[in-house]
Amino acid sequence: MNDATARLDPHNTIADIDRRIFGGFVEHLGRHIYDGIFEPGHPAADADGFRTDVIDLVKQLGVSTIRYPGGNFVSGYRWEDGVGPIEQRPRRLDLAWHSTETNEVGLHEFQDWLDRVGSDLMLAVNLGTRGTQEALDLLEYANASAETAWTAQRAENGRTEPFGVRMWCLGNEMDGPWQVGHRNADDYGKLASRTAKAMRMLDPGLELVVCGSSGSGMPTFGSWERQVLEHTFDDVDFISCHSYYQERNGDAQEFLASGVDMARFIESVVAIADAVAATKKSDKRIMISFDEWNVWYLHNDEGGQNDKPEEQGWPVAPRLLEDQYHVLDAVVFGDLLITLLQHADRVRSASLAQLVNVIAPIMTEPGGPAWKQTTFFPFSITSRLGHGRSVRVPVDAGTFTSERFGEVATVNAVATVDDEGVSLFVVNRSTTDTADLRVDLAPLVRELGRDVSIAETHLLHDADRYAANTLTDRDRVGVRPLDGAVLTDDALSLTLPAVSWAAVRLV
Ligand code: AHR
């Protein structure tokens, strides 16, 4: 048993939370779109072919902004293929995932789906095989209100009003050798700067995201960010971070230190962005769009991408990246959400990669059910309860020794404060010991001038940390109330089993 103490002082504010921190990501990849969100003929499909059971689950998940259409896919994508009469749309080879893209779903259909799930669109432009002109064409098609050839085409395709997309990514992972059109930092920085300037001439209100590294382990990490920002500092608002985590060599304890890795990644990119600001004698602060994060069992550790179905030819919607998440994955995942909230001052946008079937919290079977993976629970609860501003919760707990990070705290926590109450999110990273956590609420009670009470509690834990939800056992893992959460003498006492994530709502 580990004794741990923490202090929840509502004045210990990190920042107001930008709701875009609870964003998602939908890529034309595997069965994400086709046989995922879109399956005409499925008993739950609506008149447009969208699965209403999936729509309900995405709504419950609570995703704010959704990045689309890729990912690696976007670096070979011709957006024009996805607009106009569906029966006339071309089938194309998708080099990123060795698949055939039918283009039955494009910009209009995706926006229609977003309207149903209640999320906002974040678009990525292709800076792999294409450049500034094609980005401008898409922007004009999507956002312009003047009468032009592109907006006339948009109206013909059923939409007179602009889509009004505010947030745009200038390509995807251009530092990755696997990326179609991969470039060095200098070449990409120049292209991104030119493209951003032109896009702003068309629509000054845009928020633009330049590509950072596709992982902090990339050999160019750091120098990539510096060089790219030297070119684009005045032109962009965000730099992206991407990071995926997995248990390696059966070392669950090391895997549970993933939040530390994410924190260091964010803090390093912030330091580089602010160093570039200093050299430019600028007060501007570049924000982080952590627009790909998740657990992903990337079987190929050589810096490539796994699971491409080369041996299957060029299939339509093959089963790719369909990771099955267990309890341990979800506990790490919950800690990653805590880490994002702990950096809400600079992480103003984040996208869980991805949403349906592809490294996803939601799974579907063609003609069959849709169900929640273990990672669904920490996301939906954090998104629902994590409102207002994020607040530091310093924890005094035991440590474990991580090979990569040295001494790592076994307990990590953050709180959010809004007009109706306070939410506490906490993880026990120990693989062996229960944590008895006492959270001092005296500063909170003083601030409110009244006692607080517990409105809801949630615990994600299982005696079998490798338990998962599957097609045949879809409700094997869920959350349950955190037994024994008690309030006494202005303190909240929680008992957190080893490898667990919990949330408590106080009102
Ligand atoms: O999310 C899966 C892939 O991971 C994305 O296409 C790419 O951007 C990243 O490498």
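In which loop is the place of Gly71? Gly71 lies in the loop between strand 4 (65-68) and strand 5 (92-94), where helices (H or I, at least four residues) and strands (E, at least two) are DSSP runs numbered from the N terminus. The structure is a predicted model, in which local features need pLDDT of at least 70, side-chain atom pairs count only at pLDDT 80 or more, and totals for chains, interfaces and linings use all residues. Residues are numbered from 1 along each chain as its sequence is written, and side-chain values use heavy atoms, with hydrogens and water left out.

The secondary structure of the chain consists of eleven helices and 25 strands. The radius of gyration of the chain is 23 Å, close to the 23 Å given by the globule rule for 507 residues, so the chain is as compact as a globular protein of that length; the radius is taken over C-alpha atoms, and the rule is 2.2 Å times the number of residues to the power 0.38. Along its principal axes, the C-alpha trace spans about 70 × 60 × 45 Å.

Of the 507 residues in the chain, 62% are buried, a term that denotes under 20% relative accessible area, with exposed meaning over 50% and partly exposed in between (1.4 Å probe, protein chains only). The chain exposes about 18,600 Å², of which carbon and sulfur atoms supply 46%; accessible areas come from the Shrake-Rupley method with a 1.4 Å probe, and for residues only the protein chains shown count as cover. Among contacts (heavy atoms within 4.5 Å) with a separation of 6 or more, 77% are between residues 24 or more positions apart.

Helix 9 (residues 327-342) comprises 16 residues and reaches 23 Å from its first C-alpha to its last, close to the 22 Å expected at 1.5 Å a residue; the expected span is 1.5 Å times one less than the number of residues. This helix is mostly covered, with 15 of its 16 residues buried.

Backbone geometry was examined next. Most residues other than glycine have a negative phi, and most peptide bonds are trans. A cis peptide bond, with omega about 15°, joins Gly70 and Gly71. Another cis peptide bond joins Ala353 and Gln354, with omega about 5°, and Gln354 is located in the loop between strand 12 (347-353) and strand 13 (362-364). Glu173, a residue other than glycine, has a positive phi near 40°. Glu173 belongs to the loop between strand 8 (167-170) and helix 5 (185-202) and is buried at 5% relative accessibility. For Val499, phi is likewise positive, near 55°. Val499 occupies the loop between strand 24 (491-496) and strand 25 (500-506), and is buried with a relative accessible area of 3%.

Val295, in strand 11 (residues 287-295), has a relative accessible area of 0%. Apart from neighbours within four places in sequence, Val295 is in contact with Tyr245, Phe255, Tyr325, Asp329, Val332 and Ile359. The C-alpha atoms of Val295 and Ser243 are separated by 8.5 Å, although the two residues are 52 residues apart along the chain. Ser383 is part of helix 10 (residues 376-385) and is buried, with a relative accessible area of 2%. With neighbours within four places in sequence set aside, Ser383 is in contact with Arg19, Phe22, Leu61 and Gly62.
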